[in-house]
Amino acid sequence: MRDFLKHTFATLLGLLIFMGLGFGGLLLLVMATASRDPEPQVKDKSVLVFDLSQNITDSKPNSSTREVLNEALTGDDSDSITLKTVLDTIDQATQDKRIVALFLHGGSGASSSGFATLKEVREALERFKAAGKKIYAYDVDWAEREYYLASVANTLAVNPIGQMEINGLSSESMFFAGALQKYGVGVQVTRVGKYKSAVEPFLLTKRSPANREQTQKLLGDLWGEFLATTSKDRKMTVQQMQAIADSKGILTADEALKSKLADKVAYSDEMVAELKKITGEDDEEKSFRQINLGTYAKIAEEEVQKRGGKNQIAVIYAEGEIVNGQGGSGDVGGDRLARQLRQLRQDDNVKAVVLRVNSPGGSATASEIIQREVILTKKVKPLVVSMGSVAASGGYWIATYGDRIFAEANTITGSIGVFGLQPNVQKIANQNGLTWDVVKTGRFADSQTITRPKNPEELELVQRSVNKIYDQFLTKVSDSRKLQKNKVAEIAQGRVWSGIQAKSLGLVDELGGLDAAIKDAAKRAKLGDDWQIEEYPKSSTFEERILQRLFGTSLGAKVTANNPFSQELNQLQADLTSLNKMNDPRGVYVRLPFDIRID
């Protein structure tokens, strides 16, 4: 029966693929599958190649049909890769005698990985280098994110026509208030916390003084960490790096070399020739012997599984906006994550849980639903929190009851505050001939309508709810972090903190990444070395993803626009998408400000 079902499913899948792709596409699929190597091959004296343009995410994102097919046929996902995969792969290469060096190179796009994520990757690169293996880095144009990793290299090169951007960090926010007023869309706001600036784009045309203050301090902390880290490997002082940023900003290749930010100016063929001296020439590719990180990751995964014990440490990812209900792709659905935590709590094979949070927050209701399961799980088995690049507001709400909270120095966290957003379309509707008339049986029966502004009594109802939830937030942080409530109130107010500030304030316990949190969980569960990692939510199988995405998805090449106009439009779309994800049943949110975009 099992074989019958297997063959039946395979036949059905084949028919679906045939219907969706046509004969030519199916033929290509068969040919590609037939020609694919069964397992990655690592030649002696190989270089591990790491594309710096890849986005590094916590959990594996859902892929389009084209990406699913490409990954299945080639074993390479060129768009993104998970942090755990990167760390495991670099650590495995550190021990693999066949890997003699690592090559960091810039790709066609720009990475959007957060600096806390990059810090963990950088630490893995440092371990590789400390093992006596060389790291080479090459790109045409260097920006801060890529340079943050590449600065660890033994040899860092830039193309003669290229340039290097070391000019500091900035955060540019978009404000909608003028446009909303122009088109007759009204917005009423209820909030607690003078730093809770998520609502400012709908009310103001520029940052408030409080928002400017907190953003300046946050950027200063992140930039300070960047300078301290990169200058150390470049054998410079922080003051020298800052002077370059202030006097030059964007350097030509020769200026980067003269300023000691780069070791050499070279064309790509010259870098290839240098790497050939280490590996010899690959007969097939006529280049240096190499294996890309995505392909080598399969070997690393097998090695990690071999080393694992019988006890399970579950790493569960909370990545994206926190929304009420199940949530969609890229969201943290409150009900979905709570159910997963409940299942892990009840699974006797799971001895400890690591909750990895990379979220700006969102729905207060969903955050509370998740937090309840965190508390219940903690009573049964160790639960350690690892904060990624962003774990703020609702992201901090779900983290605060962990047995131990780990964050990187450049993690964005805190933002303990609450707001409510009440839009109405009365003016724009009236201007276009639309009116409403209501019949009701109670004074507040229509208080949730968007056809008119809320009156003062209705706003007071919402403000009362916001105040209550804020007080609950303060109480929860006070209880979980063993801090006086008045102390929490002082550091709350919706203010955003860096990881290093959060540690000094008692909001987090340790500075460290995902691996540090996992090791702490193993220690708390008293597992010794007898444990293995299981990641949740589980990725869909190839067949499941094909069935989910076969119809209605273009197989066309994905185009990444890097021009400034397209980037601004993309940011506008991202802001509007965030607004669309505000689905809290009470309209109350614990979310990071929209404007934490760091360039």
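## A walk through the fold

The model is a predicted one, in which local features need pLDDT of at least 70 and side-chain atom pairs count only at pLDDT 80 or more, while totals for chains, interfaces and linings use all residues. Residues are numbered from 1 along each chain as its sequence is written, and side-chain values use heavy atoms, with hydrogens and water left out.

That bridge belongs to a wider pairing. Strand S4 (residues 99-105) and S5 (residues 134-142) run parallel, with 5 bridges between them; strands pair if DSSP finds at least two bridges between them. On to the next strand: S5 is joined to S6 (residues 155-165) by 6 bridges, again in the parallel sense, and here Tyr138 has Ala157 in S6 as its bridge partner. With helix H5 (residues 144-150), S5 and S6 form a right-handed β-α-β unit; right-handed says that, with the strands pointing away from the viewer, the path from the first strand over the helix to the second runs clockwise. Helices (H or I, at least four residues) and strands (E, at least two) are DSSP runs, numbered from the N terminus, and the protein has 22 helices and 23 strands.

Now look inside. Of the 599 residues, 51% are buried, that is, under 20% relative accessible area with a 1.4 Å probe and protein chains only. Beyond its neighbours within four places in sequence, Met164 is in contact (heavy atoms within 4.5 Å) with residues including Trp142, Tyr147 and Leu261.

Finally, the rings. The structure holds 6 aromatic pairs, meaning Phe, Tyr or Trp rings (the six-membered ring for Trp) with centres within 6.5 Å; planes under 30 degrees apart count as stacked, over 60 as edge-to-face and the rest as tilted. Trp223 and Phe226 are stacked, because their ring centres are 5.0 Å apart and their planes at 10 degrees. Both residues are buried. Trp397 and Phe473 make a tilted pair, because their centres lie 4.6 Å apart with planes at 50 degrees. This pair links distant parts of the chain, 76 residues apart: Trp397 is in helix H15 (residues 394-397) and Phe473 in helix H17 (residues 456-481).

Methods. Buried means under 20% relative accessible area, exposed over 50%, partly exposed in between (1.4 Å probe, protein chains only).
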